[in-house]
Amino acid sequence: MKAFWENFVGLLRGDASSDRVVPPSGFTFNLTAFSAGIMAFLAVFAMAFSLASGRLADRWGNELARSSTIRISAPADQMAAQTKAVMDVLATTSGIAFARELTAEEQQSLLEPFFGPDVPVGDLPIPQLIDVIEDDTGFDATGLRQRLAAEAPAAVLDDHTRWRRPLVRAASRLRSLGMLSFVLIGAALAAMVTLAATAALSANFQVIKVLRLVGARDVFIAGAFVRRFSLRAVMGAFAGTFVGMGVLALMPSTQGAGEFLTNLGFVGAEWLWPLLIPVLSGAVGYVATRMAALRMLRRLH
Amino acid sequence: MIELENVAYSYGGGELLSNVSLKLAAGSFHFLTGPSGAGKTTFMKLCYGELVATAGNVRVFGKDTREMDRDHVADMRQNIGVVHQDCQFLDHLSVTENVTLPLLVSEKGSTYNPQDLVSLINWVGLGKRANASPAELSGGERQRAALARAVVTSPEIVLADEPTGNIDWEMSQRLLSLLIELNKSGKTILVATHDLNLIRAAKSQVQARVLRIANRRLQLAGAEL
Ligand SMILES: Nc1ncnc2c1ncn2[C@@H]1O[C@H](COP(=O)(O)OP(=O)(O)O)[C@@H](O)[C@H]1O
Ligand SMILES: [Mg+2]
């Protein structure tokens, strides 16, 4: 690992004299830079997509109230029986962490803003409220409604905040999809660099043979090619990343309805993340070329 | 320096060389002769580890080439100067850069005196061609550039495979005198050639043994020359 980093650092510094043994230019080298650029451009979007869906999932997840309310509007003489029936149903419903009847004082304080402190709320036929806190799995609202209709017809389940739950799940799924795309783009880049490197090595077979004959070790020969390719992969990826970030920065930003689409970018320190792409591209180029070079060298004695 | 013991080699068909034994003593001068296709180049390749004997042992500087790993073979080649039959240059580099290639790959380049390099290039008579591309050189110039490259690391042993192939007699004489000069300075020399006139010309100038490959065997020749 240490040797790897030393090589990697040496590679970025470059060693002009020993790199001259590889003939200049060549179609495959430019192809490598070009592929790295395009892959980096795509990777920026995959990364932005992943981060944006992650933000959405987090925000929706936080906003998602875990609590629902059951409202019982029954004549005063049936109130206690219906309340008990509801509590029994809740006790045997899975996905509920906690359920509690609100006390008369609590209900009064909820109504205070509307009626003022002096209205004797206790005398009014106001519904009994039950606070329901669900656990991580959540409960099945339709099933609960059916059971309530059967056991306590006066009870109404109000779960208005629960509808977002599937959306949160979808947003997390999108985040994973974004990360998967990022990994796949990296794999495609590695495959392209390997192909380009193999082609370049074959085209330079004579050069490699001469170097081997005058006493070059495998690491020297592989290193000269690896530096060429990694440098191309880094530079290409830099250009692609730069363009990708520019496009994102220029996206019009609006608040409200189209928020998810227009927030497909980076926020604050997130702008540092895409700078990793050229580094990763260089690392991928390094590993891919080195493996291709050593594989070819093994065929030469 | 180089020692072969009951060496045989085959490219997969029948044996090309059988039961070959030889010791190249330090400071000796040998010619290796035989008709074209006899196995002279193959013999040279066995000596610098491009081929490994199918039977017997080849020892270079006391170490069996069969037991060397790839890095060891590379290091060994830095201590043997080889003039290859087909020269093998990098055409995108100049003659001077090609000559210094063995230094560059061994990372000894930085300790090499540039003045010595100029002298070396002048010694082989390529002072005016130093910045040319190898592709622009004549056959004789290529052979001399190859010789300069072979000796740039000051190796103890110089192997030259048909160094006078395809070049005129006068140029052959020049190349031969360079090899003899190297031998006088203490280098061990092995020259493969099918040119018997060259050997005859050498015999008056240097104490040389002549070996011949015939019927897959290595024989001592020379008396009849
Ligand atoms: N790589 C190879 N594979 C198979 N046969 C080979 C190979 N190289 C050389 N030969 C054969 O081995 C024989 C000797 O070749 P070589 O050593 O080049 O002879 P010389 O240098 O004496 O002319 C020739 O018949 C040649 O065709
Ligand atoms: Mg030959």
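## The model

This is a predicted model, in which local features need pLDDT of at least 70, side-chain atom pairs count only at pLDDT 80 or more, and totals for chains, interfaces and linings use all residues. Residues are numbered from 1 along each chain as its sequence is written, chains are lettered from A and ligands numbered from 1 in the order in which they are written, and side-chain values use heavy atoms, with hydrogens and water left out.

The size of an interface is often given as the accessible area lost when the parts come together. Here, about 2200 Å² is buried between chain A and chain B. Buried area is the accessible area (1.4 Å probe) that two parts lose on being put together, summed over both. Carbon and sulfur atoms give 55% of that area. Chain A brings 24 residues to the contact, and chain B brings 24 residues. Contact means heavy atoms within 4.5 Å.

Between chain A and chain B, 11 residue pairs are in polar contact, both at pLDDT 80 or more. A polar contact is a pair of N or O atoms within 3.5 Å; within protein, one must be able to donate a hydrogen and the other to accept it, and residues adjacent in sequence count only if both atoms are side-chain atoms. On the side of chain A that touches chain B, the elements giving two or more residues are α2 (16–19), α8 (205–213) and α9 (218–249) of chain A. Of these, α8(A) gives the most, with seven residues. Helices (H or I, at least four residues) and strands (E, at least two) are DSSP runs, numbered from the N terminus.

## Salt bridges across the interface

Four salt bridges are counted between chain A and chain B. A salt bridge is a side-chain nitrogen of Lys or Arg within 4 Å of a carboxyl oxygen of Asp or Glu. D75(B) pairs with R217(A) in a salt bridge, with the closest N and O atoms 2.5 Å apart.

R70(B) forms a salt bridge with D218(A), and here the closest N and O atoms are 2.5 Å apart. This pair crosses between chains, from helix α2 of chain B to helix α9 of chain A. R70(B) is partly exposed, at 22% relative accessible area. D218(A) is buried, at 11%. Buried means under 20% relative accessible area, exposed over 50%, and partly exposed in between (1.4 Å probe, protein chains only).

## Salt bridges within a chain

The whole structure holds 12 salt bridges over all chains. One of them joins E5(B) and R59(B), at 3.2 Å from N to O. E5(B) lies in strand β1 (residues 2–9) of chain B and R59(B) in strand β4 (residues 55–60) of chain B, so the pair ties together parts that are 54 residues apart in sequence. E5(B) is partly exposed, at 34% relative accessibility.

In chain A, K84(A) forms a salt bridge with D88(A), with the closest N and O atoms 3.0 Å apart. Both lie in helix α4 (residues 76–91) of chain A, four residues apart, about one turn of the helix. K84(A) is exposed, at 52% relative accessible area, whereas D88(A) is partly exposed, at 39%.

## A buried arginine

R149(B) sits in helix α6 (residues 139–151) of chain B. It is buried yet has no salt bridge. The nearest side chain of opposite charge, D86(B), is 7.7 Å away. For charge, Lys and Arg count as positive and Asp and Glu as negative; His and the chain ends are not counted. Leaving aside neighbours within four places in sequence, R149(B) is in contact with residues including V210(A), V214(A), H84(B) and F89(B).

T41(B) counts as partly exposed, at 23% relative accessibility. Q85(B) also counts as partly exposed, at 41%.
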